[in-house]
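Please keep the sequence and the structure in view while reading.

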Amino acid sequence: MKLRYLGPSFGVDSLTDGKFYECLGLDAGLLRIVDDSDEDYLYSVVPGPMWDESIRGRWEVVEDDENGTLTKLFEEVRISLENEARAGIKPRVVNVLEDDY
């Protein structure tokens, strides 16, 4: 599976705007991405550095698996965020690095 990150670049070895990344799968609701460090880490479906909530990007599905795993996940998250916004719930983003998980 492949994704493209669209948003502000952050970190020395994290994510770069417009770059394509291999997604190895899902792990506890997070994306296992091979990032700029050439190592795999867990990223939120709403990517951004955990130290600065003002920096947020988005993923674009480039290549999904035969089950449409990524497409389904992003659709579920979109619906959930829309429902939370309608209910007046403040958006929350979880971004966990492997060492913190």
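**Surface, fold and charged pairs**

The accessible surface of the protein chain comes to about 6,200 Å², and 50% of that area belongs to carbon and sulfur atoms; accessible areas come from the Shrake-Rupley method with a 1.4 Å probe, and for residues only the protein chains shown count as cover. The model is predicted, and local features need pLDDT of at least 70, side-chain atom pairs count only at pLDDT 80 or more, while totals for chains, interfaces and linings use all residues. Residues are numbered from 1 along each chain as its sequence is written, and side-chain values use heavy atoms, with hydrogens and water left out.

Of the 101 residues of the protein chain, 32% count as buried. Here buried means under 20% relative accessible area, exposed means over 50%, and partly exposed lies in between (1.4 Å probe, protein chains only). Read from the N terminus on, the order of elements is β-β-β-β-β-α. Among contacts between residues at least 6 apart in sequence, 48% join residues at least 24 apart, a contact being heavy atoms within 4.5 Å.

Strand pairing may be followed from E1. Two strands pair if DSSP finds at least two bridges between them. E1 and E2 pair in the antiparallel sense over three bridges, and Arg 4 stands opposite Phe 20 in E2. E1 also runs antiparallel to strand E5 (residues 58-63), to which five bridges join it. In this pairing Tyr 5 stands opposite Trp 59 of E5.

In soluble globular proteins, nonpolar side chains tend to be buried together. A nonpolar core is a set of buried Ala, Val, Leu, Ile, Met, Phe, Trp, Tyr and Cys residues joined through side-chain atoms within 4.5 Å. The largest such core has 14 residues, of which Leu 3, Leu 15, Leu 31, Ile 33, Trp 59 and Phe 74 touch the most other members. At least two residues of this core come from each of strand E1 (2-6), strand E2 (20-27), strand E3 (30-34) and helix H1 (69-86). H1 gives the most, with three residues.

The structure also holds four salt bridges, each a side-chain nitrogen of Lys or Arg within 4 Å of a carboxyl oxygen of Asp or Glu. In one of them, the side chains of Arg 4 and Glu 60 meet at 2.9 Å, N to O. Arg 4 lies in strand E1 and Glu 60 in strand E5, so this pair ties together parts that are 56 residues apart in sequence. Arg 4 is partly exposed at a relative accessible area of 24%, and Glu 60 is partly exposed at 27%.

Asp 36 forms a salt bridge with Lys 19, their closest N and O atoms being 3.1 Å apart. Because Asp 36 lies in the loop between E3 and strand E4 (40-43) and Lys 19 in the loop between E1 and E2, the pair ties together parts that are 17 residues apart in sequence. Asp 36 counts as buried at 18% relative accessibility, whereas Lys 19 is partly exposed at 37%.

Arg 32 and Asp 40 form a further salt bridge, with the closest N and O atoms 2.7 Å apart. Arg 32 counts as buried at 15% relative accessibility, while Asp 40 is partly exposed at 29%. A network of salt bridges links Asp 27, Arg 32 and Asp 40.

Conventions: Helices (H or I, at least four residues) and strands (E, at least two) are DSSP runs, numbered from the N terminus.
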